[in-house]
Amino acid sequence: MAADNPLLAAVDLPDYAAIEAAHVEPAIRTTLAQNRARLAALLAAPEPNFATLVEPFEAMQQHLGRVFAPVAHLNAVRNSDRLRAAYNACLPLLAEYQTEVGQNRPLCEAYERISAREGPTLSPPARRVLDYALREFRLAGVRLPPEDQARFKALMQQIASLQSQFEEHVLDATQAFSCHLTDEQELAGLPEHVTARAREAAGERGLAGYLLRLDQPTYMTVMSQAQSRALREQFYAAWTTRASDQGPSAGRYDNSAVLAEILKLRHEAARLLGFASYAELSLATKMAPDVASVLAFLSRLAGHYLPAARRELAELSERAQHPLAAWDLAYYAERLREERFAVSEEALRPYFPLPRVLAGLMSVAARLYGLKFQERTQLSVWHEDVRYFDVLAEDGELKGGFYADLYARENKRGGAWMGELASRMRVAGITARPIAHLVCNFAPPARGRPALLTHGDVVTLFHEFGHTLHHLLTRVDYPSLAGVNGVPWDAVELPSQLMEQWAWHPDVLPLVSGHVDTGAPLPEADLARLVASRSFHAGLAAVRQLEFALFDFRIHAEYRAERGPDLERILAEVREQVAVLKPPPYNRFAHSFQHVFAGGYAAGYYSYKWAEVLAADAFAAFQESGVFDAATARRFLDEILSRGGSCDQMQAFVAFRGRGPQVDALLARDGLAA
Ligand code: ZN
């Protein structure tokens, strides 16, 4: 059986096309059983040491991750009822195993003895592996009395399935909505590629006219381009009530109880470990020192950005000549942006054909880090649009590779992300190269042309590429700390947000653009206006992020068992503090806030802003010496990019920058310099 299971094949790249739902549970059960037996044997040996216990244990954990990664990936990009059921069946098995390992007292005590005995003689990354593991043991409840341990284990399992349920509800609610229009007038303002797709979609269902779906690119296009206020309101209402008690599918995929339960169980788990709140637990693994520092950091930024946001909103209302509703903001902002900068996201699409953008992006990485990219074809993939690239160092050494799955389609989770398939590993005589999945949701190619990106899409691609480089260029040999592993959440966005900076630079834009039909360069004037438009509405954008960040952080920091989640009060106070436009009462953004309720950003959404400060400040170092300066790039690679979780992030930043991070560069970028 195992021999026929593609998930268990000992290969670098899985046979994606061959993976079926029926393979999932047997592969996971087999691997878990092997790992359990192996661990018992390792612990039975007399006097285990770093080489005989820690290294093989690293390899085992990596192996499990490598078996499950394709499953989690397919569940996100090629979802089906059967795969979803198989994936869900594995979650409790995995959670149980991880808790069992984390609460394995003999294993923890062996690590402690190894740390005491060998610590002083080990390399700094190896010592860090021990420290990191010992912290994980503590956070898994290794020291709890047995009844609390059992409870903690149950909590972890319940939280994992609730988070999965939360995500399913959002996907189902998103797919349940479609908007059928027969009068072309109602689509006025929408770009041709959207109306063309809407016509095709209607045709597929045997309908006349147009069918608009609620995928993210369509939603964003409707909000910024549709002239019909009614259409915008309809989409706004559908989007912001997904998976809630409100809106077009009210109550059908309702996450109200799910998110309340998630908060309750997270709080209970944090208390069991001796933390006052889940926010404190979250910070135990982050770069930010404590709850008060995070709140102060966010409030301080709010103080800088609020006056600008108020000014920007007042200007928009004046222009619209009526009080603005939430569904007017993006539309009028886009009109003002077009007028002021004579540049529209949509009009520039023909200058950003995907092949050109990708080639340009790779040339930037080549200039900075001396990388080469070689596409491999004839690979077994999960969809015909997927591509694979080997990444090579200047001297030809193969560093790793990544899959690129870039277009939106049905049964694919929205958004953009980098996920790991495998981490770099050189332990216990086994070596593995890092492999990543780079996933986006760009509007697919239409009418025989390549996909045309907005500049916002280009920035997204650079961002995810930054994560990909972080994962692939690592020099850490231990998978638990290689690439993005073991990097605190509030530092992990530094490489990605730093990479975004190049997508805005006047010397880089010509490398990533060229008219799809003629190859003509992006006209100088457009380029200059695009760059100038960057700080446009920086205030409004920042206060929105700060609202999410404060809401996320406070619901976890202020949770009290006796009063429950108290979301309304906290949301009202947060909005009082940072929102400049009051959303309608039916808005239920929390119900589809997947970063926080289904992703890793719980009590950590502030990380985006935290890392933005780091990234802007790091890019300032490049600006000071030239954006392609090899010495600066080398320093960034040596001190931060290649080191993953193997060092203290603040020390790494100081080693790169020569001092601690400062907010000035971010404020200057956003046009708020004093
Ligand atoms: Zn990111």
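Helices (H or I, at least four residues) and strands (E, at least two) are DSSP runs, numbered from the N terminus. His467 counts as buried because its relative accessibility is 8%, and Glu493 is buried with a relative accessible area of 4%. Buried means under 20% relative accessible area, exposed over 50%, and partly exposed in between (1.4 Å probe, protein chains only).

Residues are numbered from 1 along each chain as its sequence is written, and side-chain values use heavy atoms, with hydrogens and water left out. As the model is a predicted one, local features need pLDDT of at least 70 and side-chain atom pairs count only at pLDDT 80 or more, while totals for chains, interfaces and linings use all residues.

The protein is divided into domain 1 (2-171), domain 2 (177-240), domain 3 (256-341 + 538-605) and domain 4 (350-536), with bounds that come from an automatic or database domain assignment. Between the C-alpha centres of domain 1 and domain 4 the distance is 28 Å. The contact involves 30 residues from domain 1 and 30 residues from domain 4, contact meaning heavy atoms within 4.5 Å. About 2,500 Å² is buried between domain 1 and domain 4, and carbon and sulfur atoms give 62% of this area. Buried area is the accessible area (1.4 Å probe) that two parts lose on being put together, summed over both. On the domain 1 side, Leu13, Gln62 and Val77 lose the most area to domain 4, together 24% of what that side buries. One salt bridge is found across the interface of domain 1 and domain 4.

A salt bridge is a side-chain nitrogen of Lys or Arg within 4 Å of a carboxyl oxygen of Asp or Glu. By this rule the count comes to 43 salt bridges. One of them joins the side chains of Glu167 and Arg413 (3.0 Å, N to O). In another, the closest N and O atoms of Glu47 and Arg117 are 2.8 Å apart. This pair links distant parts of the chain, 70 residues apart, with Glu47 in the loop between helix 1 (21-44) and helix 2 (50-77) and Arg117 in helix 4 (residues 105-118). Glu47 is exposed, with a relative accessible area of 53%, while Arg117 is partly exposed at 40%.

The side chains of Arg135 and Glu136 also meet in a salt bridge (3.7 Å, N to O). Arg135 is partly exposed at 24% relative accessibility, and Glu136 is partly exposed at 33%. Arg409 and Asp405 form a salt bridge at 2.9 Å, N to O, and both of these residues are buried. Salt bridges with shared partners join Arg554, Glu558, Arg563, Asp566, Arg569 and Glu573 into one network.

Arg544 lies in helix 19 (residues 538-557) and is exposed, with a relative accessible area of 51%. The C-alpha atoms of Arg544 and Val578 are 7.8 Å apart in space, and the two residues are 34 apart in sequence.

Positive phi values occur at Gln378, about 65°, and at His537, about 55°, although neither residue is a glycine. Gln378 lies in the loop between strand 3 (372-376) and strand 4 (387-392) and is exposed at 79% relative accessibility. His537 lies in the loop between helix 18 (524-532) and helix 19, and at 10% relative accessibility His537 counts as buried.
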